[in-house]
Amino acid sequence: MAPKEKLWQLRLYVAGQTPKSVLALKNINDYCKKHLAGKYSIEVIDLLKNPQFAEGDQIFAIPTLVRKVPEPIRKIIGDLSNEERVLMGLNIRPIILEN
Amino acid sequence: MKVQKKNTFPKTPTGISGLDEITGGGFPKGRPALICGSAGCGKTLFAMQFLVKGITDFNEPGVFMSFEESSADLSQNVRSLGFELEKLKSENKLRVDHVHIERSEIEETGEYDLEGLFIRLNYAIDSIGAKRVVLDTIESLFAGISNMAVLRSELRRLFQWLKQKGVTAIITGERGENTLTRHGLEEYVSDCVILLDFRVIDQLATRRLRIVKYRGSTHGTNEYPFLIDESGISVIPVTSLRLDYKSSKEIISTGLPVLDKLFSGGGVFRGSSTLLTGTAGTAKTILAAHFAMSSCRRKEPVLYFSFEESPDQLTRNMATIGVNLKPMIKSGLLFIHASRPSLQGLEMHLLTLHKLLAEVNPRTVIVDPISSLITIGSSSEVRGMLVRLMDTLKTLQINALFTSLTHQQQNEHNDATVDAVSSLADTWINLRNESRDNERVRTLLIVKSRGMGHFNQPQDFTITSKGIRFDQALKNIK
């Protein structure tokens, strides 16, 4: 088991099942499985159903990925198609495969 | 508010005093309007007043989406104007949503849109049934987002969406170098564009407002001065002089029976304006005091603006020549407002005047002297202010008396103030000190008097402990 502080809590804000949102969810799932296996949780919030949550996390763009834990809070907006940028944004070191 | 013209589209009252008059009823209902201006010109306040008055005066709930100030800061900043945001929030009449974009904690990758903003706005509007919306200032997004193409297309969509939503919105924008707004918001919001301006002329700050564009509606095209004081923003449509006031045939006394007789009507018309000119020490104030007393004797309240003497000094000086103002002040018939002209800008003076008009409800107004105002504004501005003042007084059928200090004995026509107002005044009396046989002789000449005949000869007069005496004129009249 990983120690507690190694747990990553991510939250993905979407607005309905738009292609961008679907793609973002698929992307983050892929990256997490690859880099954070067993140490993460992803919560998806659909603002069409729960618009009241948008203000609290200062959401203005869709989709937005929020790293709640570990702090400080980081945000990545967009469909998360660039893996390197997502990992950089979340401050996750990619496993560098040498040779 | 005046009756709306039949052919114009529906409008939303702005809640800003004077602005409805210029815009012919307010902002376009259900459409966005753009307010632009440089930093510190009053955009946020302007927008806030639109919302708050919308709630308090027209029962239209409002949403304030702030991209700059936090909700708490906003509440604090507008409290001095009597806007209690927290109270309105608790009554579910107002919602303030602070959109805070911290560039440093945001990474962008791949495609996105600003649906989150739409959802927040929609949620805020629906939760209180808002009819008015303010976005202050949405240009902050340009600093928070790097993808300009997305931002621009989303802004276009946002303004379309606001229209569909049927809310009357105010979008604020920072003034750009060569454009109205730094990021060209006028491209998207073009139904109604208002420009606010703040400049300092001769060390006096003046705020001005101009309607750059108002699609499908007539509007005033001038620059209008506006004020921010403890009751919010008010715009003064200086040049809205309309010559449609009623003219009274009733004659009132000038306070000097002999002077009255120099007019064929036996005095001046009620609700007319009288200009009293003369060099220093020609007894202008004394004549003004007589005029005030005559109104008081008719039990008609007098509002006396004194720009040079304090009320105390004025009453003392008048008492020495037998004009006793004190009892009139006590009984409330005479209200003296003394202030230095340079204390505030022209517009502030005009506003003070308007406020006192409403408070005192006078039948006679005296401004002594209007020439002092020249020191704080250019002659065209002073003229503008006086035109507006005379217009107001005439509409209200208030007798007006203005004194004006002139500098040249010979040619009073060259004098700036006189030049500015003499043509507007109904009656013009010029006072002079002449040297005659080693003696200084005071004379009075009626230069003009609209609507009645008058003596054309200068009349000698003396000042005694019992007031002004016209010895020679008495003989002439008889």
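Predicted model: local features only at pLDDT ≥ 70, side-chain atom pairs only at ≥ 80, totals over all residues.

Some overall figures for chain B. There are 478 residues, and 48% of them count as buried. The chain holds 15 helices and 23 strands. Along its principal axes, the C-alpha trace spans about 100 × 45 × 40 Å.

How is chain B divided into domains? The assignment gives domain 1 as 11-235 and domain 2 as 251-477. Between the C-alpha centres of these two domains of chain B the distance is 45 Å.

Now the sheet in chain B. It is open and has nine strands, in the order S17-S16-S18-S19-S15-S20-S21-S22-S23, with mixed pairing. Which strands sit at the edges? They are S17, residues 334-338, and S23, residues 467-469, both of chain B, and each pairs on one side only. From one strand to the next the twist averages 25°.

At the S23 end, look at S22 of chain B, residues 459-464. S22(B) runs antiparallel to S23(B), and three bridges join the two. Within that pairing, B:Thr464 stands opposite B:Gly467 of S23(B).

Helix H9 of chain B, residues 284-297, lies across several strands of chain B, including S15 (273-278), S16 (302-306), S18 (364-368), S19 (399-405) and S20 (427-436).

S1(A) is mostly covered, with five of its seven residues buried. What does S1(A) pair with? One partner is S2 of chain A, residues 40-46, which runs parallel to S1(A) and is joined to it by seven bridges. There, A:Gln9 stands opposite A:Ser41. The other pairing I want to show is with S3 of chain A, residues 64-69, in the antiparallel sense over five bridges. In that case A:Leu10 has A:Arg67 as its bridge partner.

S1(A) and S2(A) also belong to a right-handed β-α-β unit, together with helix H1 of chain A, residues 19-35.

Last, the contact between the chains. It takes 30 residues from chain A and 21 residues from chain B. Which elements of chain B give two or more residues to the side that touches chain A? Those are strand S6 (106-108) and helix H5 (115-128). H5(B) gives the most, with seven residues. By type, the residues on this side of chain B divide into eight nonpolar, eight charged and five polar.

Three bridges join S6(B) to strand S4 of chain A, residues 74-77, and the two strands run parallel. Here A:Ile76 stands opposite B:Glu107.

To recap two points: the nine-strand sheet of chain B is open, with mixed pairing, and the S4(A) to S6(B) pairing is parallel. That is what I have for today.

Conventions. Residues numbered from 1 in each chain as written. Chains lettered and ligands numbered in written order. Contact = placed C-beta atoms within 7 Å. Helix = DSSP H or I, 4+ residues; strand = E, 2+ residues; numbered from the N terminus. Nonpolar A, V, L, I, M, F, W, Y, C, P; charged D, E, K, R; others polar. Pairing = 2+ DSSP bridges. Axes fitted to C-alpha atoms, helices over the stretch in contact; angles between N-to-C directions. Buried ≥ 20, exposed ≤ 12 C-beta atoms within 10 Å, placed from the backbone. Right-handed = clockwise from strand over helix to strand, strands pointing away. Domains from an automatic or database assignment.
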